[in-house]
Amino acid sequence: MAEDVNTSLLGLLPEIILLCTAAVVLLMGLARRDVLRRLTQWTAVIGVIVAFVAAYSNDVQSHTTALGTFLTLLTCGIGLLLLFSAWEMPFAMDPAHTDRHYRGEFFAMLLCSLAGVSMMAKVNNLIWLFLALELVSIPTYIVVATGRGQSEAQEAGIKYFFLGALSAAIYLFGFSYLYGFSGSTQFSAITAVFQSDISRHQLPWMAILGLLLVLLGISYKIAAVPLHFYAADVYQGAATPVTAFLSFAPKAAGFVAIILLLGLTGWHFSSGPDVTIPALLTVMAVLTMTIGNVLALLQRNIKRMFAYSSIAHSGYILAALVAGPALVAGGGWAHDGVAAALFYLAAYSLMTVGAFAALIYMQGKADGAEDIDDIAGISSEHPMTAACMAICLLSLIGMPGTIGFLGKLFIVQADLSTGHWILAVFVVVNAAIAAAYYLRIIAAMYVREPWTPSHVRTTLAPRFAAALCAAMVIGFGLAPSRLLSDIRHAADYMAGSSGTVRLTVFKGRAKITSHFPTGSFGRGRRSSLLTDPLAGYARRSRLAGDQNSCVVKHEFIFARPLKKDTAWSTARLLPPSPVLERNPAVVALRMSARLIVR
Amino acid sequence: MPVMSQAVLFEYLSLGAVLFVLGLIGFVARRNMILIFLSTEIMFQGVAVNLIAFGRYWMNMDGQSFVIFLLTIAAAEASLALGLVILLFRRRETLNVDVWSEMQG
């Protein structure tokens, strides 16, 4: 038993490393000796690199899912770039007294939050999911409020915190209904209940209400409509490195949470009987991208503009999620909305962090340049940084040759191939609208005359981060195969159901047994009886499980003895969930049923 | 122990929903920072009532263990909230949130 715990903890090694580093950095940041305090940045960087290497090792990968490994690597990679962007935060908090007020503990908060994001895809329980989401959010409330001395930061902090607590309460209320509907907080057990219930025409109100509240609450984390309005104030008020952090950490965590939760329901899109959730996601996606882009057009403040553009990009990712996961694990890109969403998430993180890093460098220590006029003509003074920013902005527009183009291409492909052509049209039209305000920044940098001639020189770290981001934006845009195969692998985890399904037909009875080997169902069994006089059968469903597996049995008792064609119709009685649809066993079963009929 | 009936379960669920909605109304209607925060706490308690009632209904421990973690996080948020409120109070000498609306647009 002890060994079992040890091996399962091994999958969490990167997060453990990040949290231990956070503790060390927190202590070092409070040290008396100045030398020790100044080592906090390096300690944080080394911790993130060690976590990245640990996530790569086979020992760790064998104890987690492909999605978990992908998210950990993404988090550590982007986290490293964010640390470089935030390199001078400890001085910048109080420019008047750089030495006495040097606050090394700032990085501890970033590391805690990164550990939370990295943990997101490894959770298998609603309680864990809640803890991971809060581990991401709570440190961000602190860095927003204390990131800089101006009163805007505190205004942003209090708005962010109160709305964050409200959103947490909303999605928790949803979690409580999901638990009440399924009787367990384990993901595997919840999936089994959704699958056994899915053949009804309508899900029970409790499940629908739970999912609605969860999506509503998590829309705050990803800055999507209806809880998007805080974004502009918070992005503007927070210090710029913190803003860069906000555009990655809560968003990545929120989207992975949505992917996991929709995975619980079996993604019943297209073939599912209930359209409430897909319809809601479609409306959210359309409103989010349109409102974000239209309001971004009106902004003069660069950080506010990035806030609205961040809202718009959340809309694109939601549009990808509406397409749902691939029909067959290991299939092409065309049908796979989850892979498109994960790719866009990675691409957006790179582009936006690069743009923010360049902005941080241009702003200098005083944290001054906020208005678009402040960076006018900056290309003559800082040609390198301006070029990095321009590359990232062109990628945000979606120019061919950059990673942003591939991201939008995959989303449009996924939407078109699953029949959501309205969403595809909205994505394309919005990309065109967005070009206007991104090009305005590029034009200001290159075409206009300098407004304020002198800019304070700062450390090279943010510039290094910007250059790295720009290089990767181009590099992955031209040669994406490695990234694509990783994401393919991660999304297949969502597409493939590893369970087996068996159908036995005997006289008046047909039994369907599905077996889920992953996760724990908890102890106990549950059974339900559903009678459908029109179809002439009664369905008795039993759920049973132990620590390692979960078995769902449906027994159909027919009024008449089964004939050949009834065997076929029984095969069609299988819960029409895409997760089962994709299972090779079910496909084989349907083929054989069809053969019997012939 | 007798199993909880659905009728009793719905009484508890109604209590949870009422607490949640009261908290929501308080969040929107109040202007005092401490009262706004307490409103979110009331919403959390509504969730806790739900979880415990469901835990009793399904006769497993998931609901109760969820509540223990919920209370821990709520306590962490409470300490953070008080720290923030003190930080803001020192600057403006008032607890009214309406004075904190400089950023617009």
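This is a predicted model: local features need pLDDT of at least 70, side-chain atom pairs count only at pLDDT 80 or more; totals for chains, interfaces and linings use all residues.

Me: How many cavities of 30 Å³ or more does the structure hold?

Reply: Rolling a probe the size of a water molecule over the atoms shows where empty space is left. In this structure there are three cavities that reach 30 Å³ or more.

Me: Which residues line the second largest cavity?

Reply: Its lining consists of Tyr160(A), Lys221(A), Ala223(A), Tyr230(A), Tyr235(A), Leu246(A), Pro250(A) and Lys251(A). By class, six of the lining residues are nonpolar and two are charged, with no polar residue. Two helices of chain A, H13 (230-237) and H15 (249-264), each contribute at least two residues to this lining.

Me: Where does Ala223(A) lie, and what is its phi?

Reply: Ala223(A), one of the lining residues, belongs to the loop between H12 and H13 of chain A. Its phi is near 55°, a positive value in a residue that is not glycine.

Me: Is the peptide bond from Val225(A) to Pro226(A) cis or trans?

Reply: That bond is cis, and its omega is near 10°. Pro226(A) lies in the loop that runs between helix H12 (205-221) and H13 of chain A.

Me: Let us turn to the interface. How many residues does each chain bring to the contact?

Reply: Chain A brings 49 residues and chain B brings 44. Together the two chains bury about 3,900 Å², with 76% of that area on carbon and sulfur atoms. Trp58(B), Phe66(B) and Met103(B) account for 19% of what chain B buries against chain A, more than any other three residues.

Me: How many salt bridges and polar contacts join the chains?

Reply: The number of salt bridges between chain B and chain A is zero. Eight residue pairs are in polar contact across the interface, both residues being at pLDDT 80 or more.

Me: Which helix of chain B gives the most to the side that touches chain A?

Reply: H3(B) gives the most, with 16 residues. Helix H1 (6-29), helix H2 (33-58) and helix H3 (62-92) of chain B each provide at least two residues of that side. Sorted by class, the side of chain B that touches chain A comprises 28 nonpolar, 11 polar and five charged residues.

Key:
Residues are numbered from 1 along each chain as its sequence is written. Chains are lettered from A and ligands numbered from 1 in the order in which they are written. Side-chain values use heavy atoms; hydrogens and water are left out. On a 1 Å grid over the protein atoms alone, a cavity is a set of points where a 1.4 Å probe fits but cannot get out, and a pocket is an open set with protein on both sides within 12 Å along at least five of seven lines; lining residues have an atom within 4 Å of a point. Grid points are joined across faces, edges and corners, and a volume is the space filled by probe spheres set on the points. Helices (H or I, at least four residues) and strands (E, at least two) are DSSP runs, numbered from the N terminus. Ala, Val, Leu, Ile, Met, Phe, Trp, Tyr, Cys and Pro count as nonpolar, Asp, Glu, Lys and Arg as charged, and the others, Gly among them, as polar. Contact means heavy atoms within 4.5 Å. Buried area is the accessible area (1.4 Å probe) that two parts lose on being put together, summed over both. A salt bridge is a side-chain nitrogen of Lys or Arg within 4 Å of a carboxyl oxygen of Asp or Glu. A polar contact is a pair of N or O atoms within 3.5 Å; within protein, one must be able to donate a hydrogen and the other to accept it, and residues adjacent in sequence count only if both atoms are side-chain atoms.
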